[in-house]
Amino acid sequence: MSDDGPVENVGDRFDRLPATPDERRVAGRVARSAVVDYLDERFGIAPETFADHTFWEKGAGKIWVVYGDYPSPVEVEGLGMTCLRTRQEFWKPTTDFVQRFGSRATRNVVVLGDDAAARFMTGDEQAVAWDGDWGYLVGARETAGAPAPLGVGLYTYGTLRSMVPKGRRR
Amino acid sequence: MNPLDRYEPLVDDPAAFRAACSRPLPTTVRVNTVKAGVDRVCRALAEEGVAHERVGWAGDLLRLPDSSPGDSWAFAHGWLHGQEEVSALPARALDPAPGERVWAACAAPGSKATHAAALMDDRGVVVANDSSLGRLSALRHNAERLGVTATTVTRADARSYSLAPFEFEAFDRALVDVPCSCEGTVRKNPDVVDEWTMDHVESLAELQTDVLRRAVQATRAGGTVVYSTCTFAPEENEAVLDGVLAAEDCHVVEWTPPEGLETSPGVTEWAGDEYDPQVGRATRVYPHQNDTGGFFCARLEAGG
């Protein structure tokens with residue numbers, strides 16, 4: 001392989017995402033611009049939200065977001081928080097990312113009543129009234145005057161399937 | 001021998017001290033201000049009928065008289081973190097500002113490091129380090145659940161910590177909350193007094209001294225280092241400070257604990273030893289003073 005050709009992803013270290021697809025060196029790696037555009041287009045989370053953050057890949061397709069910047073690659077055990085699973089047809093935000101930044105979402109947020117929210121937190125699927133897009137939605141619950149995100153649900157065929165991981169179910 | 005016997009000469013009211021040590025701890029939580037403000041969280045708790053009281057000396061702490069931390073919707077949203085009241089003291093003593101670089105030397109499971117990040121409005125660098133892989137997993141889990149983006153996790157021996165992964169050469173502040181004999185947690189873990197030995201105290205003191213020395217070295221001149229433990233043992237507290245004051249370029253600064261928190265000063269004499277008078281500026285918290293666990297905390301300035 002020449003110095004200029006694509007290189008493989010090294011799964012066990014943190015590499016900063018390239019700013020744009022044109023700057024990509026690692027095969028299959030998404031660009032920062034694609035991540036920020038996805039969050040804007042899918043959920044309406046403004047790109048400026050992440051003006052002071054950088055995005056990193058560690059593990060195949062697992063994207064992390066951290067405040068500030070570091071030399072890349074950086075040999076640490078954790079960098080900010082996981083935010084997104086890429087390298088698959090439909091990207092999926094993490095529960096923790098949605099709880100942190102999902103209150104800034106302006107679309108694809110399904111607000112659940114307390115009974116439905118409780119069911120959502122068990123990891124079950126349930127029928128919901130939703131006439132928006134299919135795919136991954138922010139599952140939220142109305143409290144103290146505004147929707148508060150709980151996690152991610154996959155909406156298809158009138159059903160919302162909770163993606164809340166085992167360790168966060170209740 | 002019950003190690004608590006040793007400390008009766010240090011406290012103003014030994015009977016109240018012993019009585020408090022034998023009672024269970026009240027349940028407290030810290031509001032995760034990275035995700036939601038304290039007023040909103042209190043309103044949400046009230047809506048779902050969860051009794052809560054604000055802790056007077058700490059704006060982000062709530063007592064839950066009737067429930068466990070994990071029982072509420074507020075917890076499910078990641079708005080609460082179970083944290084003993086007095087363990088919220090060191091991040092306040094550290095007083096980090098947004099944009100600063102902070103080292104949490106022995107950070108797992110991460111309550112105090114994530115608290116520091118929250119006080120920085122989740123802006124800056126909080127390097128949360130621990131040497132144990134098992135404890136790191138708890139640290140990472142907590143940092144993720146709380147949604148902290150300013151935290152970087154490393155696994156290294158704090159005594160010989162290297163800043164090589166980073167592009168900076170010193171931290172602005174360091175939080176040195178060291179492993180200790182933990183007598184101050186007796187209300188939560190009554191076994192600590194049965195497992196206590198002087199040999200263990202002595203080996204811990206050596207480790208604590210080495211970690212604190214490294215923290216002073218890794219902090220820029222004029223930067224702040226907070227040393228804290230949850231033990232009453234002067235060997236692990238003032239004596240450690242005394243040794244580090246003699247070996248490194250630093251001093252203990254006057255620090256006024258938050259209003260409403262009753263405290264005692266550091267001890268300058270113990271078991272026939274006299275310490276540098278500066279250690280009297282440290283803060284001791286005994287369980288009977290505020291109905292909490294026991295704690296020790298000192299604020300140092302590195303360099304000059």
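From the N terminus on, the elements of chain A follow the order β-α-β-β-β-β-β-α-β-α-β-β-β-β, which amounts to three helices and 11 strands. The model is a predicted one. For the 170 residues of chain A the globule rule gives 15 Å, and the radius of gyration is 17 Å, close to that value, so chain A is as compact as a globular protein of that length. Its C-alpha trace spans about 55 × 30 × 30 Å along the principal axes.

Of the residues of chain A, 52% count as buried. Contacts between residues at least 6 apart in sequence join residues at least 24 apart in 51% of cases. Chain A exposes about 7,900 Å², of which carbon and sulfur atoms supply 47%. Its side chains include 22 positive and 25 negative ones, and the centres of these two sets lie 6 Å apart.

Chain B contains 10 helices and 15 strands. A compact globule of 304 residues would have a radius of gyration near 19 Å, and chain B agrees with this because its own value is 19 Å. The C-alpha atoms of chain B fill a box of roughly 55 × 55 × 35 Å along the principal axes. Buried residues make up 60% of this chain, and 74% of its contacts with a separation of 6 or more link residues 24 or more positions apart.

In soluble globular proteins, nonpolar side chains tend to be buried together. The largest nonpolar core has 57 residues, and B:W103, B:L212, B:Y227 and B:L241 touch the most other members. Helix α8 (residues 198–217) of chain B gives the largest share of this core, six residues. Beyond its neighbours within four places in sequence, B:Y227 is in contact with residues including B:V176, B:L212, B:L241 and B:F296.

A second, separate core of 36 residues includes B:A113, B:L136, B:L139 and B:L175. B:L175 lies in strand β8 (residues 171–177) of chain B. This leucine counts as buried because its relative accessibility is 3%, under the 20% limit. Leaving out residues up to four places away in sequence, B:L175 touches B:W103, B:A113 and B:V226, among others. B:L175 and B:A128 are 47 residues apart in sequence, with their C-alpha atoms 9.5 Å apart in space.

Methods: Residues numbered from 1 in each chain as written. Chains lettered and ligands numbered in written order. Predicted model: local features only at pLDDT ≥ 70, side-chain atom pairs only at ≥ 80, totals over all residues. Heavy atoms only, no water. Helix = DSSP H or I, 4+ residues; strand = E, 2+ residues; numbered from the N terminus. Rg over C-alpha atoms; globule rule 2.2 N^0.38 Å. Buried < 20%, exposed > 50% of the residue type's maximum accessible area, 1.4 Å probe, protein only. Contact = heavy atoms within 4.5 Å. Core = buried A, V, L, I, M, F, W, Y, C linked by side-chain atoms within 4.5 Å. Areas by Shrake-Rupley, 256 points an atom, 1.4 Å probe, with all protein chains shown as cover. Lys, Arg positive; Asp, Glu negative; His and termini not counted. Charge placed at Lys NZ, Arg CZ, Asp CG, Glu CD.
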